[in-house]
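Please keep the sequence and the structure in view while reading.

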Amino acid sequence: MSSIATTVPHIANSKDELLLPAFTLWWREVVRFYRQRTRVVGVIASPVLFWLVIGSGFGSSFRSGAGGQHYLDYFYPGALIMIVLFTSIFTMMSVIEDRKEGFLLSVLVAPVPRTAIVLGKVLGGTTLAAIQGMIFLIFAPFAGIHIELLQVLLVTIVVFLVSFSLTALGFAIAWPMDSSHAFHGIVNLFLIPMWLLSGALFSIEHASSWIRVIMRLNPLTYGVEALRGLLYPGAEKNFPLSSAMATLLLFSLVMFALAVLMANRRSTRPAA
């Protein structure tokens, strides 16, 4: 009986050691982001302008699907993913900023597991990215989209999975870095092409054969296709919704495992 009594509090304490630090870091990320209002405006305004300018510019020369879908409508899911990508990038820059300010070192010396630190930071960025992406849905009527409640729920799940995977990937990239300039370089070299080859700007059918192979291997393609299938049920689908969401879930788990691995294997140090 005494062994059972000592085991139960130990399990409860282990949960508190994981969830409480994760919740604290999650709340800090949310408050910190929305206190910087220029970042909020920039994250939403840039993709909106990009969507309007690119969509209107190609509108008369691009048609997609059997119904001749306008490019402004076709590009809408890609612009939503773009907002999620930008938010994930900006929030994970806080890892580098926390290291320079000394906050990250104080967190690392605390008696909490590294998994809790990763979970709190990633969930904080995921929450921000998902909220920013869902805010963009207010422009859905301008793209000819009329969303029902079930569609909103499924879109929320897809946006959350994309946000979680990109935020975890951003954490894994930012963790060993001391310079935000280096982080921007990796982002421009890796994450932006990942978005460009996701079907956001052009469909898989219109791409050349070698680009088509890369697009099918790109996990972000399945996020764009899932959103396009949910927002435009009558549009042509390259992947079933179930397989697209399963791919996103697998990608999210792999990226979180990578983030935890980077946090456990690489030590951090004060910036020079």
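The protein exposes about 13200 Å², and 70% of that area is supplied by carbon and sulfur atoms. The model is a predicted one, and of its 272 residues 48% count as buried. Among contacts between residues at least 6 apart in sequence, 78% join residues at least 24 apart.

The protein contains eleven helices and two strands, and read along the sequence these elements follow the pattern α-α-β-β-α-α-α-α-α-α-α-α-α.

**Helix packing**

Two packed helices are described by the angle between their axes and the distance between the axes.

| Helix pair | Angle between axes | Distance between axes |
|---|---|---|
| Helix 4 (residues 76-101) and helix 10 (residues 219-231) | roughly 130° | within 9 Å |
| Helix 7 (residues 149-174) and helix 11 (residues 241-265) | about 25° | 8 Å |
| Helix 7 and helix 8 (residues 180-196) | about 150° | 11 Å |

On the side of helix 7 the contact includes Leu154, Ile157, Val158, Leu161 and Val162, while on the side of helix 11 Leu241, Met245, Leu248, Leu249 and Phe251 are among the residues met. Further along, the contact also includes Phe164, Ala168 and Phe171 of helix 7, together with Met255, Phe256 and Met262 of helix 11. By class, the contact of helix 7 with helix 11 has 21 nonpolar, two polar and no charged residues.

The crossing of helix 7 and helix 8 is right-handed. Here Leu169, Gly170, Ile173 and Ala174 in helix 7 meet Phe183, Ile186, Phe190, Leu191 and Met194 in helix 8. By class, this contact has eight nonpolar, one polar and no charged residues.

Helix 4 passes helix 10 in a right-handed crossing. From helix 4, Tyr76, Pro77, Leu80 and Ile81 meet Leu220, Gly223, Val224, Leu227, Arg228 and Leu231 of helix 10. By class, the contact of helix 4 with helix 10 has eight nonpolar, one polar and one charged residues.

**Individual residues**

Which residues does glycine 120 contact once its neighbours within four places in sequence are left aside? Glycine 120 lies in helix 6 (residues 114-135), and the residues in contact with it are Ala22, Leu25 and Trp26. The C-alpha atoms of glycine 120 and tryptophan 26 are separated by 4.6 Å, although the two residues are 94 apart along the chain. Glycine 120 has a relative accessible area of 0% and is buried.

Valine 30 belongs to helix 1 (residues 2-35) and is also buried, with a relative accessible area of 13%. Apart from neighbours within four places in sequence, valine 30 is in contact with Thr127 and Leu128, and its C-alpha atom is separated by 9.8 Å from that of threonine 126, 96 residues away along the chain.

Tyrosine 232 is placed in the loop between helix 10 and helix 11, and at 10% relative accessibility it counts as buried. The C-alpha atoms of tyrosine 232 and histidine 146, which are 86 residues apart along the chain, are separated by 9.1 Å.

Arginine 216, in helix 9 (residues 209-217), is partly exposed, with a relative accessible area of 38%. Beyond its neighbours within four places in sequence, arginine 216 is in contact with Ile204, Tyr222 and Phe239. Its C-alpha atom and that of leucine 197, 19 residues apart along the chain, are separated by 9.2 Å.

Note on methods
Residues are numbered from 1 along each chain as its sequence is written. This is a predicted model: local features need pLDDT of at least 70, side-chain atom pairs count only at pLDDT 80 or more; totals for chains, interfaces and linings use all residues. Side-chain values use heavy atoms; hydrogens and water are left out. Axes are lines fitted to C-alpha atoms, for helices over the stretch in contact, and angles run from 0 to 180 degrees between N-to-C directions. Helices (H or I, at least four residues) and strands (E, at least two) are DSSP runs, numbered from the N terminus. A crossing is left-handed if the near helix is turned anticlockwise from the far one by less than a right angle, and right-handed if clockwise. Contact means heavy atoms within 4.5 Å. Ala, Val, Leu, Ile, Met, Phe, Trp, Tyr, Cys and Pro count as nonpolar, Asp, Glu, Lys and Arg as charged, and the others, Gly among them, as polar. Buried means under 20% relative accessible area, exposed over 50%, partly exposed in between (1.4 Å probe, protein chains only). Accessible areas come from the Shrake-Rupley method with a 1.4 Å probe; for residues, only the protein chains shown count as cover.
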